[in-house]
Amino acid sequence: MALKKRKEVKEIGTSFERLKYYTFVDHKTIDEQFLELADILLGDRAIVTNFEEIHNLDDVNRAVAFLSGVCYALEGTVQNIGNETFVFATKKSLADGTIEHYINDVAKEPVNKDE
């Protein structure tokens with residue numbers, strides 16, 4: 001059985017233009033939403049997540065831990081840009097620098113390139 005090679009898709013626009021904004025909702029299970037966001041990250045799109053609709057702190061911690069693990073596996077980063085808002089980005093989505101520029105514009109603490 002031959003393995004299928006994943007097609008290389010040429011992305012149009014900057015990573016910032018492809019940035020996905022996501023607010024967790026109550027009408028879907030939290031696990032369904034984790035998987036949706038993981039699929040977005042696997043597609044090399046960065047995500048800005050808003051957790052203000054989640055009232056259970058354990059669910060927020062699980063979400064951040066899960067999505068951080070996905071980012072780690074994809075050599076990406078996680079940045080807290082507000083009280084209940086995070087940016088999750090993969091290595092490929094960071095390549096053109098537009099996501100880091102966005103983070104530095106809105107984050108409490110700018111990304112340190114020296115780390």
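1. From the N terminus on, the elements of the protein chain follow the order β-α-β-α-β-β-α-α. The chain thus described comes to 4 helices and 4 strands; helices (H or I, at least four residues) and strands (E, at least two) are DSSP runs, numbered from the N terminus. The model is a predicted one, in which local features need pLDDT of at least 70 and side-chain atom pairs count only at pLDDT 80 or more, while totals for chains, interfaces and linings use all residues. Residues are numbered from 1 along each chain as its sequence is written, and side-chain values use heavy atoms, with hydrogens and water left out.

2. Of the 115 residues of the protein chain, 37% count as buried. Buried denotes under 20% relative accessible area, exposed over 50%, and partly exposed in between (1.4 Å probe, protein chains only). Among contacts between residues at least 6 apart in sequence, 63% join residues at least 24 apart; a contact requires heavy atoms within 4.5 Å.

3. The 4 strands form an open sheet in the order β1-β2-β4-β3, with mixed pairing. β1 (20-23) and β3 stand at the edges, each with a single partner strand, so one side of each is left without a neighbour in the sheet. Neighbouring strands are turned by 20° against each other on average, direction ignored. Two strands pair if DSSP finds at least two bridges between them.

4. Strand β2 (residues 47-50) is joined to β4 by 4 bridges, and these two strands run antiparallel. Val-48 stands opposite Val-87 in β4. β1 and β2, by contrast, pair in the parallel sense over 4 bridges, and Lys-20 has Ile-47 in β2 as its bridge partner. Within β2, Ile-47 and Thr-49 point one way and Val-48 and Asn-50 the other way; all are buried.

5. Helix α1 lies across β1, β2 and β4, running at about 170° to β1. Helix α2 also packs on the sheet, touching β3 and β4, and its direction makes about 25° with that of β4. For these angles, axes are lines fitted to C-alpha atoms, for helices over the stretch in contact, and the values run from 0 to 180 degrees between N-to-C directions.

6. The length of α2 (residues 57-73) agrees with expectation: at 1.5 Å a residue its 17 residues should span 24 Å, and its end C-alpha atoms are 24 Å apart. The expected span is 1.5 Å times one less than the number of residues. The buried residues of α2 are Asp-59, Val-60, Ala-63, Val-64, Leu-67, Val-70 and Cys-71. They cover an arc of only 130° around the axis, which puts them on the same side of α2; the arc is that of the directions from the helix axis to the C-beta atoms. These buried residues pack against α1 (30-42), β3 (77-82) and β4 (85-89). On the other side of α2, Leu-57, Asp-58, Tyr-72 and Ala-73 are exposed.

7. At the start of α2, a side-chain oxygen of Asn-56 reaches to within 2.9 Å of the backbone nitrogen of Asp-58.

8. Most residues other than glycine have a negative phi. Asp-44, which is not a glycine, has a positive phi of about 60° and is found in the loop between α1 and β2. Glu-75 follows α2 and has a positive phi near 55°. Glu-75 lies in the loop between α2 and β3 and is exposed, with a relative accessible area of 55%.

Note on methods:
A polar contact is a pair of N or O atoms within 3.5 Å; within protein, one must be able to donate a hydrogen and the other to accept it, and residues adjacent in sequence count only if both atoms are side-chain atoms.
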